Amino acid sequence: MDILLLFFGLGLMLVGIVGSFLPALPGTPLSWVGLLLLHLTAAVPDDWTFLGITLAVSLLVLALDYFIPILGTKKFGGSKGGVIGTTIGLLVALIFPILGVLGIIIWPFLGALAGELMNKTNPKTALKAAFGSFLGFLAGTFLKFMVTLVFLWLFLAKVWEHRVPLFPFFNGA
């Protein structure tokens, strides 16, 4: 059972990393559930303080992910249309990977620009607001990505620390 929980936990850690880029997947909470599954094994002792702190970080990052793009857009004079355009641009990049990895950067920016222009903003202001929305999106994505990487590192460190009880068959026992 421990091996099953370990592999499901690792799978959630990896899905969490992918979820840091996809708006449909809550990356940090999924990674946190991976940490929880690891702590539910018999081999890893319960550490509710660790789980509580990582849960708080996960929920804080989840909340900030909604506010950072809005702050970036407002800071640069944008509207809700720019934020919506950024999200649509990201979905286009994911569904139609025409420009490959570059599409993750280009399509959200173009979406923000289109959202601002559809909001009847003059082109110069729309470009500035689109840039702000795009910067907010990048900042939020970077924050989620970094937290999910730290969670993965914590997961792997716990697995390494408790490798003997987790994998007794490798120890010759």
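**Helices 1 and 2**

I started with helix 1 and helix 2, whose axes come within 7 Å and cross at roughly 165°. Axes here are lines fitted to C-alpha atoms, for helices over the stretch in contact, and angles run from 0 to 180 degrees between N-to-C directions. Helices (H or I, at least four residues) are DSSP runs, numbered from the N terminus. Helix 1 and helix 2 are therefore roughly antiparallel to each other; the classes I use are under 35 degrees for roughly parallel, over 145 for roughly antiparallel, 65 to 115 for roughly perpendicular, and oblique for the rest.

Before going on, a note on the source: this is a predicted model, where local features need pLDDT of at least 70 and side-chain atom pairs count only at pLDDT 80 or more, while totals for chains, interfaces and linings use all residues. Residues are numbered from 1 along each chain as its sequence is written, and side-chain values use heavy atoms, with hydrogens and water left out.

I then checked the hand of this pair: helix 1 and helix 2 make a left-handed crossing. The rule is that the near helix is turned from the far one by less than a right angle, anticlockwise for left-handed and clockwise for right-handed. Contact means heavy atoms within 4.5 Å. The contact of helix 1 with helix 2 splits into 12 nonpolar, 6 polar and no charged residues. For these classes, Ala, Val, Leu, Ile, Met, Phe, Trp, Tyr, Cys and Pro count as nonpolar, Asp, Glu, Lys and Arg as charged, and the others, Gly among them, as polar.

Buried is under 20% relative accessible area, exposed over 50%, partly exposed in between (1.4 Å probe, protein chains only).

I looked at Leu35 on its own: leaving out residues up to four places away in sequence, Leu35 touches Met13, Phe50, Leu51, Thr54, Phe151, Leu154 and Phe155.

**Helix 6 and its partners**

The axes of helix 3 (residues 48–75) and helix 6 come within 6 Å and cross at roughly 165°. That makes helix 3 roughly antiparallel to helix 6, and their crossing is left-handed.

Helix 5 (residues 103–118) packs against helix 6 (residues 123–161) at about 135°, with the axes 8 Å apart. These two are therefore oblique to each other, and helix 5 passes helix 6 in a right-handed crossing. Their contact divides into 15 nonpolar, 1 polar and 1 charged residues.

**Two single residues**

Thr141 sits in helix 6 and is buried, at 8% relative accessible area. Phe169, in the segment after helix 7 (163–166), counts as exposed at 51% relative accessibility. I also took a distance: Phe169 and Ile104 lie 65 residues apart in sequence and 43 Å apart in space, C-alpha to C-alpha.
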